[in-house]
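User: Please take a close look at one part of this model. I would like the core and the sheet beside it described together, with the packing around them.

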Amino acid sequence: MKKTVLLLSIFSFTFAQDSLEELKRQLEEQKRLIRELEKKIEALEKQKLEAKEEVKEEQKPAPADRTLQLRAKYDERLKAFQIYPFRQTAFLPDISLIVDTSFVARNKNDQEFKGLEIPGLYHKHEGHGHGHGNLNEKRGFNLNYAELYLYAPVDPYFDLYATIPFSEDGSEVEEAYAVTRGLPFGFQFKVGKFRSSFGRLNAQHPHVWDFANPPLVYKVFLGDDGLKEKGIQLNWLAPTPFYLLFGMEVLQGENEQSFGTEGFKVNTKKDGSGTYITVVDTKKPNLYVGFVKTSFDVGNLSVLTGLSFATGHTRINHLEGDDPHAFAGKTKLYGFDLTAKYMIDSYRYISFQGEYLYRDQKGTKYEYDSAGDLETAELKKKQGGFYSQVVWRFAQRWRVGFQYNLINKNDVKENGVKKNLPDNLPAYYAMLEYNPTEFSRIRFQVGQNRAFFQDGSRKTVNEFILQFNFAIGAHGAHPF
Amino acid sequence: MRALAVLLLLFSISLAQLKVVATYPWIGELVKEIGKDRVSLYVIARGTEDPHFVVPKPSHIAKMRDADLLIAQGASLEVGFLPPLLQQSSNPKIQPGRQGFLDLSQFVELIEKPVNISRAMGDVHPEGNPHYPLDPHNIPPLARAIAERLCQLDSPNCAYYRGNLEDFLKRWNARLTEWDREFAKLKGIKVIQYHKLYDYLLQRYGMVLVGTLEPLPGIPPTGKHIEALISQAQGVKFILQDVYHEKRTAQFVAQRLNAKVVILPHDVGAVPEAKDLFSLFDEILRRLSQ
């Protein structure tokens with residue numbers, strides 16, 4: 001048995017010896033192969049590198065001495081790179097600046113123009129605390145605004161927007177608000193100061209308007225700046241196959257034309273020798289807004305329409321100045337808007353847009369008679385009007401448009417007696433725009449406003465505006 | 001009772017379907033190939049539209065509200081319409097940074113990435129040229145990305161999506177060999193294009209771009225630029241024209257250079273013959289081979 005084992009082991013050893021030789025030979029062979037392959041790869045890599053360098057050279061010329069450059073970079077980093085490792089510039093928000101400037105020619109000088117009023121609806125008064133004047137206010141050159149716009153997500157839960165228009169006289173925070181990013185079931189919540197979603201045009205920034213000035217109905221019911229308020233908005237996008245949005249807002253309600261929160265004291269004598277009547281502040285917040293908007297498409301036609309409602313208390317205090325007067329009461333505003341845009345192709349469209357606004361205001365008016373005694377009267381205003389406009393983008397860079405404004409209801413009753421106020425207050429504007437890109441715009445606008453009065457007689461205002469608008473920086477696209 | 005059961009069944013079916021919104025038709029075609037009947041699809045832009053200037057209609061917002069997945073071409077091509085739509089959609093699932101937002105430009109190598117950028121250079125995208133779907137070799141990784149994302153969102157149907165993907169890739173790769181062979185015949189021909197829209201196709205198959213009719217991206221042709229282009233260009237065979245821009249300039253240049261205007265579809269649906277992704281490239285090849 002032992003013998004056999006020994007024999008076997010010897011046999012296997014010799015066999016192993018044999019196979020060892022064989023293995024060695026194979027290994028040599030392999031090594032040779034690898035060497036060959038290595039050579040090939042080296043050659044290939046060299047080729048590739050050369051090719052790459054060639055490409056690079058085509059793109060931009062290489063610096064004269066690359067090693068020197070690299071060494072300089074390395075040394076530099078050794079020295080200074082760690083001075084500020086907490087740099088957060090990657091989190092810089094989108095920043096843009098929008099500049100709007102215009103040349104205005106008008107048949108009324110600035111003093112006359114400022115003194116004009118719209119009976120029962122609008123008059124200029126001093127000191128309403130703005131950082132800027134109205135758009136295209138003066139004859140000659142105007143710098144309407146240089147508006148700083150900031151946007152960035154705050155965190156996974158909120159987006160933040162801020163609009164800060166600068167003028168020559170100062171700046172104001174026009175908008176600063178946060179919007180939720182992740183509420184379920186189609187809800188969205190907004191908090192801060194923002195343009196109310198009442199109506200169609202109100203929520204849009206002036207630089208996306210189709211005309212240089214706000215429509216007449218906006219000017220008289222919402223003021224030259226529109227309805228911009230501190231507060232909250234909750235909106236809900238309904239789970240319908242078409243667009244259906246419901247929203248409500250609770251706002252402070254400080255609008256100078258229709259609302260206001262601050263109470264005032266009125267003296268029974270104009271010269272201040274009488275006793276004071278106190279009108280208290282409204283409850284705050286003061287303004288409630290509701291809206292519903294819907295949209296549908298018919299082929300290339302997109303229709304967007306909405307109903308809006310706003311209700312709040314009113315405090316208008318114009319007691320300072322030559323003609324002191326004040327008003328305290330309640331105001332309801334109703335709005336209907338319709339936009340229909342027909343897309344001809346990628347660049348051309350015809351768009352119709354119109355809004356009807358109606359105001360129902362009730363309250364007490366404080367005024368002095370010719371003898372300087374205070375007169376209070378119960379005032380009821382039912383007023384309404386609209387604008388409607390057609391804009392045709394007839395080429396990629398060109399747009400032309402016409403806007404018709406009319407205030408056709410101006411019922412004002414003082415102590416139940418109807419005042420005889422004009423109720424046919426039109427204004428017409430036509431514009432031609434050249435937009436070199438989406439970041440610049442040159443607009444020619446001509447218009448006639450027949451809504452202004454002075455001392456009971458109509459003063460027709462004719463104006464020509466050449467407007468320039470530029471946007472730089474990171475500015476988001478605009479909604480429909 | 002039976003009605004209720006049917007209603008419940010219908011409801012559960014509609015629930016079972018993953019809701020996908022795609023920005024452009026070609027993306028929609030990939031979704032159809034991979035998701036088939038297990039996804040419901042809504043496509044925002046039309047193939048005949050300029051992909052840079054899609055109108056952010058409110059009707060799109062309604063479709064995005066309930067979407068589980070939004071697939072975008074990316075590279076800032078949608079910057080003019082998608083951000084406001086996303087903001088107004090009130091849908092947290094499809095916001096960038098969430099699983100329901102898929103940017104396909106992340107899966108391909110973009111060319112012509114500018115080193116320095118300024119708006120003085122026209123409509124230049126900081127990420128590079130965004131018109132990458134016109135290289136047919138870019139399609140397979142994108143199909144795979146879509147299938148994988150569908151898997152993540154809808155794991156019970158994962159095997160189904162992967163099966164469809166393999167089937168699609170098999171058919172696509174077969175055609176790819178054919179296209180490579182046929183397009184190779186066009187190697188070296190000189191072309192002018194309106195916008196830098198076909199660069200990926202030209203680069204893939206070695207066609208030579210002599211210039212663009214636009215002086216800068218997004219800036220319409222000017223007389224001066226066209227004259228300069230005509231004086232430099234020699235031996236140009238085709239003027240490649242997209243379906244949405246004006247065609248007079250192309251015709252004028254073609255006449256002067258004795259070249260031919262070829263209207264090339266850039267997306268599915270741009271021309272009636274481009275019915276899906278396969279016929280899109282077939283049609284491009286056919287029009288270039290005339």
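This is a predicted model: local features need pLDDT of at least 70, side-chain atom pairs count only at pLDDT 80 or more; totals for chains, interfaces and linings use all residues.

B:Ala22 belongs to the largest nonpolar core, which has 81 residues. B:Ala22 is among the members that touch the most others, together with B:Val20, B:Val31, B:Ile34, B:Ile71, B:Ala143 and B:Ile146. Domain 1 (2-175) and domain 2 (187-288) of chain B both contribute residues, so this core lies between them. Another core lies apart from it, with 35 residues, including A:Tyr122, A:Ala212, A:Ala310 and A:Leu406.

Now the sheet. Four strands of chain B form an open sheet in the order S2-S1-S3-S4, and the pairing is parallel. Strand S2 (39-43) and strand S4 (101-103) of chain B are the edges, each pairing on one side only. From one strand to the next, the twist averages 20°.

Strand S1 (residues 18-22) of chain B runs parallel to strand S3 (residues 69-72) of chain B, and three bridges join them. Across this pairing, B:Val21 stands opposite B:Leu70 in S3(B).

Two helices pack here. Helix H2 (residues 25-35) of chain B lies across S1, S2 and S3 of chain B. H2(B) runs at about 175° to S2(B). Helix H5 (residues 139-153) of chain B also packs on the sheet, touching S1, S3 and S4 of chain B. The direction of H5(B) makes about 165° with that of S3(B).

H2(B) matters again at the domain contact. There, 26 residues of domain 1 of chain B are in contact with 24 residues of domain 2 of chain B. H2(B) gives the most to the side of domain 1 that touches domain 2, with three residues. That side of domain 1 has 11 nonpolar, seven polar and eight charged residues. The centres of the two domains of chain B, taken over C-alpha atoms, are separated by 27 Å.

Last, the contact between the chains. Chain A gives 30 residues and chain B gives 25 residues. On the side of chain A that touches chain B, strand S8 (187-195), strand S13 (287-298) and strand S14 (301-318) of chain A each give two or more residues. S13(A) provides the largest share of that side, three residues. By class, the side of chain A that touches chain B has 16 nonpolar, 11 polar and three charged residues.

Terms used
Residues are numbered from 1 along each chain as its sequence is written. Chains are lettered from A and ligands numbered from 1 in the order in which they are written. A nonpolar core is a set of buried Ala, Val, Leu, Ile, Met, Phe, Trp, Tyr and Cys residues joined through C-beta atoms within 7 Å. A residue is buried if 20 or more other C-beta atoms lie within 10 Å of its own, exposed if 12 or fewer, and partly exposed in between; C-beta atoms are placed from the backbone. Domain bounds come from an automatic or database domain assignment. Two residues are in contact if their C-beta atoms, placed from the backbone, lie within 7 Å. Ala, Val, Leu, Ile, Met, Phe, Trp, Tyr, Cys and Pro count as nonpolar, Asp, Glu, Lys and Arg as charged, and the others, Gly among them, as polar. Two strands pair if DSSP finds at least two bridges between them. Axes are lines fitted to C-alpha atoms, for helices over the stretch in contact, and angles run from 0 to 180 degrees between N-to-C directions.
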